[in-house]
Amino acid sequence: MTMSGDAPSTGAGGAHVALVTGGYDHTIKLWQAHSGVCLRTMQHPDSQVNDLKINPSGQMVAACGYQHIRMYDLASANPDPVINYEGVSKNVSRVGFQENGQWMYSGGEDCTARIWDLRAGREFQCQRIFQVPAPVNAAALHPDQSQIMVGGQSGIIHIWDLKTDHNEQLIPEAEASIQDIAIDPEGKLMAAVNNKGNCYIWSLGGSPPRPVPRKHLQAHKKYALRCKFSLDSTMLVTTSGDCSAKVWRTKDWTLMRELRHDAQRWVWDAAFTLDSRYLFTGSSDSYARLWNLEKGTLEREYCGHQKPITALAFRDQAV
Amino acid sequence: MATYDNKAWLLKNIRDAFIATDDTGLCEIVMSGEDFSKIFQNKAIEEKKRLKDKAQHKPGTSKGKDNIENDDEKDIATQFDPYPDMDDSDEDPLYGSWFRHEEFAGHRQRSNTSQWLDKKELALKKAAKIKIIKWEDPQTELTDEQIAEAFGKVQIKKPEKKKSLLSEQLEKCPELPHRQYLEYAKFDGTAQLGLPTKTFKIFMTMLPEKHQNYPLIVCVIANAKIKDLIGFTCYKYSIENPETPLGSVHDYGLCIAEDDGEVDWAFPCLDNNEPCSKFGFTCLGLINLKHKVSVVTQPILDMEMNSAFQCFPKASVSGHSNVNSTRQHTGESDEIMRAINAVTEGNKGFGFQSTQPITDAPQDKLYRVQLLHKMRTSTPVQLGITLDQIEVVPVVTQKHAFWSRPKYLLHSMNSVAWCQELESKGNKTAFRIVIQLHSNNQICIKDMTLSVIRRRPRR
C-alpha cells in the first residue's frame, strides 16, 4: 500500500472501485475507498471543483471549474490533466457523459448547456449548444440519452430534447433557483432541489416522457445542494447547507436517514454504492464520509483535503 | 594526502564540520572561544618571526637584509603553517562565526529572473503534455442521420441488482488502526500541490529494536506543527505497519537524532507547538515521553550551560513530582533549554566574572538580564547564582530613574526553599522563589519576571 504519488497497485484502474473528491483547495484526490487512504492527488489549478464525473470506461475523471473542464487519467500517476476543454467564459457547474462515451455535456454560468464531441476522427462533429436565459446550476442526462434537463438561477427547468432541439419548461417554485436535478436510473422519476431547501419530484412515465408533478418535499430548512437517486431507484438523497444529507424512500417519500455528524458542515455532494447499502458524502469540513444506510452509522472518513469538498464521484464494481 | 598532515587544517575542518552540521548552534557556542586553527595560525606567525630573527642574525649569508625580509615571509614554513586558502577563508571578522553557517549553508539564492524562467519552462513542459480542446461552435446543421447516430434514444435497461465490490472490501477490512490518527492525514505533504513541504527521516525509537532499522520518510506541509508531524508519522506508520500498534500521539515526542537513528538525549524534544519548518534537522527520533522522563533526570548533560540550573535542585525535583497531567514535559524542558540558550548567548558579550576557570566551577553563573516590573518597565540587572548564594545586582544606567530601580538582593542558597518557573512566554520567564528569612524565620515569596535577549530563530 502506498500513500505517495506512485501509481497505486490497487483501486485506481478503470476496472476497480474509485472514489474521487475535489474542492476548494484546487486539488482532486483519488481514494482507496475501503481503507480511507488517499492514493493520489491531482492538480486542478486556479479553480475550485464544481463537479466530478468518472467516464463510462472508468479510466478518466472529468472535473469542471472556472472556464474549464479537465480530464484526468485515473490509471496513471500523472498529477496533471491529460485533456483540457476550454472556451467557456464562466464557471462550468456540471459535467456528465453520454453512456457510450461519444460525447460529454456541460452546464455553466455563461447561461449555456453544451455537448462536447469526444470522438476522434469522425467526419462530423456533434458539438451542440443550448442557450438559456439564466446561469445554469444543474444539468442531468436522461438515461435514454436523448434529453438533458437544464436548471439554473431563474428557477426554470428546461427539458432539452437533443433529437429535435425543442425544449419544454418547468417552473416548480417562483423566485427560487434550481440547484440540482436528478433522474433515476430507470428513467421514471425526476427530482430537483432549490435554494430554499425544497425538493420537487416528477414522474416521467409516459411516452414521450412528459414530467408529471408527483411530490413536493420540504427536504431542508436551508439551501439544498444536490440530489441523487440510488441505482435501484428506491432512495433519493438530498444534501444541504443545513449540514445534513437526507435519504428518502421513493416508495412513500418518507425520510429514511438523516446523516449528520458534529464536525460536518455543508454537504455538497453524495454518491451511492452499487448495492445502495452505503452512501458517500463530501462536506465543507474537508472530510468525505461513508455511511452505512442500513444502520445509519458512519463507516469511513476521508481526510486529506485542506478546504471544503464540493464534488465527489464514485465508481463501484459489480462482483 | 598532504592536507591530512596539517594539524591546523584538520582542526579547522573538524571545527567547521561540527558547527555547520549542528543546527542547534550548541557546537558553535561551545567552541566559540577556542578556534584552534586561529591559535595555530597565530603560533605560526610567531614561529615565522622567530625563524626570521634567527636568519637575520646568522653570520655569513650572502643575501642582503632587504631580500631576506621579502623572501622569508614566504619561504619559512613552520609546523603551524596553515594552507594558503585559510587566510582567505569565508570567515569575516566583522560578523564573527555566528552568522556564518546561516549565510553559506544551503544554496545560493538564484536571481528572480532565472527562477521565473525556470518556472515558465516547467509550466511550458507541463502544458505540452496537456491536450487542449477549444470549444468550437457547430458550423453546420447536423443531418437527421447524424443526429440519430449521436443522439439516438437508448432503450433503458432496468438496472439489475448487483453486489458491490466496495461492500465486500468493507466487510473484509474491519477496523483500521490508522483511523485514530486520521485527523493528521491532511498534513500529508505528498498530497498537496503548490504548498511548501518538508521531508523528515523519522526513526521509530519508541518501538522495539526490530522495527527501528529503517527510518520512515515523512513529508508534511511546512506549516504543520511538531505535534502534527508526530500525528502524521503515527498515521503513516500505522498504514504501512497495521500490525504494530502505536499509542496516543500525546505520549510521543520528537527528538533530534543522528543519521543512524541514534537519538540525541542531550537535547529536549522539539516544541510540540512550533511549526516544523522552523527546524533545520531532517533526522528525528520518535520517543515515548514516559520513558524520556527517566532518561532526562539522569545527569547526562555535562555541559556548562545545563549546570546553570543544577543549582536549583529543588526546582527540578518539584517539577517532576508536581507534574500537571495536562502539561507536557517537552514544553517545559524546551522552554528551559531555550532560556539557557538565550542566557548563554547573552553572557557571551558580557563575559563570566567568575574567578574560577569555567571547567572547574560550572555552578557559578552570572547573567545580565532584564528585570520586568509591574509598571511595564524593565531594568537591567545582574543575576548571580553560585552554589552558596543568589544575588540580584541592579545595573544602574540612568541614575534618575529611581522609580524603576530594583533593589539589591542577596540570599543564601540554604534559605531558598523553593524555586519554580511560573510562566514562560517568548523571551520572558516568570520565576517564583520562596525564601526563608534568617532574621525572623519568616517565609518570603519573591516573584520575578526576567527577560533575556532572544536569539534569532534558526533555520
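Which residue of E12(B) is the bridge partner of Leu372(B)? In this predicted model, the partner is Thr449(B). Strand E6 (residues 365-372) and strand E12 (residues 443-451) of chain B pair in the antiparallel sense, over 3 bridges. Strands (E, at least two residues) and helices (H or I, at least four) are DSSP runs, numbered from the N terminus. Pairing requires at least two DSSP bridges between two strands.

The two strands belong to an open, antiparallel sheet of 7 strands in chain B, ordered E9-E8-E7-E6-E12-E11-E10. From one strand to the next, the twist averages 30 degrees. Axes here are lines fitted to C-alpha atoms, and angles between N-to-C directions run from 0 to 180 degrees.

Chain B also meets chain A. Contacts (C-beta atoms, placed from the backbone, within 7 Å) link 45 residues of chain B with 61 residues of chain A. On chain B, at least two residues each come from helix H6 (112-129), strand E1 (131-134), helix H7 (144-151), helix H8 (165-172) and helix H9 (226-240). H8(B) gives the most, 6 residues.

Strand pairing crosses between the chains. Strand E6 (residues 83-97) of chain A runs parallel to E1(B), with 4 bridges. Asn84(A) has Ile132(B) as its bridge partner in E1(B).

Residues are numbered from 1 along each chain as its sequence is written, and chains are lettered from A and ligands numbered from 1 in the order written. Local features need pLDDT of at least 70 and side-chain atom pairs count only at pLDDT 80 or more, whereas totals for chains, interfaces and linings use all residues.

How values were computed:
Contact = placed C-beta atoms within 7 Å.
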